[in-house]
Amino acid sequence: MTTAIFWFRQDLRLSDNPGFLAACEDYDQLIPIFIDDNGHLKSQLGEASRAWLHHSLESLNKQLTTFDSELLLFKGVALDVINDICQKTDIDAVIWNRCYEPEAIERDSNIKAALKAQSIHAQSENALLFFEPWQVLKKDGTPYRVYTPYWRQVAQLGLEQPPVSTPSKIPTLPTASLSNVTLKSLDLLPNKPWPADMLSYWKIGELAAQNTLTEFLARSGGVDYKNKRDLPAVVGTSQLSPHLHFGEISPRQIVWQTLQETPLHELDGGTETFIKEVIWREFAYYIMYHFPDTQHEAMYPQFKNFPWLEDVSENLEKWQKGQTGYPIIDAGMRELYATGWMHNRVRMIVASFLCKNLLINWQLGEAWFRDILVDADLASNTLGWQWSSGCGADASPYFRVFNPVTQSKKFDKEGEYIRRWVPELKDLDNKSIHEPWLASSVVRSRLDYPEPMVDLAATRLRALDAYSHVKKQK
Ligand code: FAD
């Protein structure tokens, strides 16, 4: 009788899960586990992510029970938890799918070594990415820092990969008394009304993820994606990011199902754009793997001395609360707080505003996003913030300072998005909704809305000056 542990991490699904499939096929008994090691790693989950995780674990357990199995939950240092299980029951193998955050790599290497020393087989598979980061390199053997050539190579290696099958049965649990805990005792749901309201916007778990993909493809799919993806007022993107972060769905499943409707050789512009976005996520993991220091510092050394402003708490709070006086920024920040998610176009606008107009260090923006986003992801969040602040891989050029008013007029022409999230402006006409300070003094006197917190032109020049000095340093 052989027994394995399968350790669920960022792969909270039963389908297209290579590690889980191997564990189900190769062993007589199986212990599916999840370990809450938050607090034992530096990169802790934010509040929104923890709340999502609660429901995702609940959903995964429900699926496992339909196979007469169960997800056993543990809390603590992962190595200690696994050692404890191995001492209490006879374990032949521990299997998981790889994670790529630098700390997770270190943790997993230590666990692998410890298991090897006890002659327990440790096996890891890839369920998170199309390709391992070390498989995609330039001709000279070094990693890419720019997306387009990376994309070309990845597309050439082949993205049309069929998902692996879902196990038809799950081996039974051994009878052993283990130190597992209840979901409630993981205390993932903070005791505040905020996450409960926020979660009402979402359906969580593997089946919900698959439905979200199916609905997206039926709604507009790739075809309309190119036209709609930049309009924050419409549901033009897939909203799969939190499902992808927790591995409720795999990128391979997304691309495979998308290509069932439009084969790769006939790709229309919209579908290709969508697949390219999915590969931006892969690129984010790639950069985090090859340049692990980027999780807490700029990729380029000259940015270490960037003159970020220091006494910023008041301005940071106005930005966080959506009280900047710039409607598109405030709409985005309020959407984020209400739903745990923000449209990508608006993420770029609010991030540029924070780093460039307010000269606030990107890391403070990254930390706020990490706490509030349900899709908070070390790789994509770092890449997004470094892109926006101009200090990372394939960053936006330093002289690109998004003008929130111009962006607002272009991407939220009728002000529909602003009206939804900044209701105090809903009665303004389509011109002054983007620039409430242009409304008549009578109208303005009735508005409970702040004046712009900074002057856009002056702060743009200040940013350009700061950036040009840094850029000159080699
Ligand atoms: P879609 O447009 O439907 O795209 C499909 C999938 O592709 C997404 O679910 C996502 O996994 C991936 N993707 C799309 N755009 C990007 C991108 N620019 N970078 C990396 N992956 C992408 N994404 C996160 O998942 N987590 C984060 O913490 C995060 N932080 C960000 C911070 C900033 C400042 C910026 C500018 C972007 C950030 N993004 C982050 C990327 C992007 O905004 C979201 O992935 C996207 O808005 C998710 O919505 P969607 O699922 O509808 O995307």
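I began in strand 3, where Phe 74 is the bridge partner of Ile 35. The model I am reading is predicted: local features need pLDDT of at least 70, side-chain atom pairs count only at pLDDT 80 or more, and totals for chains, interfaces and linings use all residues. Residues are numbered from 1 along each chain as its sequence is written.

Next I followed strand 2 (residues 29-36), which runs parallel to strand 3 (residues 72-75) and is joined to it by four bridges. Strands pair here if DSSP finds at least two bridges between them; strands (E, at least two residues) and helices (H or I, at least four) are DSSP runs, numbered from the N terminus.

Strand 2 also pairs with strand 1 (residues 3-8), again in the parallel sense, over six bridges. There I found Leu 30 of strand 2 opposite Ala 4.

How many of the eight residues of strand 2 are buried? I noted seven. Buried means 20 or more other C-beta atoms within 10 Å of a residue's own, exposed 12 or fewer, partly exposed in between, with C-beta atoms placed from the backbone.

Then I turned to the UniProt "binding site" of an unreviewed entry, which includes Ser 238 and Gln 239; such annotations may be inferred rather than shown by experiment. The listed residues spread up to 22.9 Å between C-alpha atoms.

Ser 238 sits in the loop between helix 8 (221-228) and helix 9 (241-245), and it is buried because it has 25 C-beta neighbours inside 10 Å. Gln 239 lies in the loop between helix 8 and helix 9 too, but is partly exposed, with 19.
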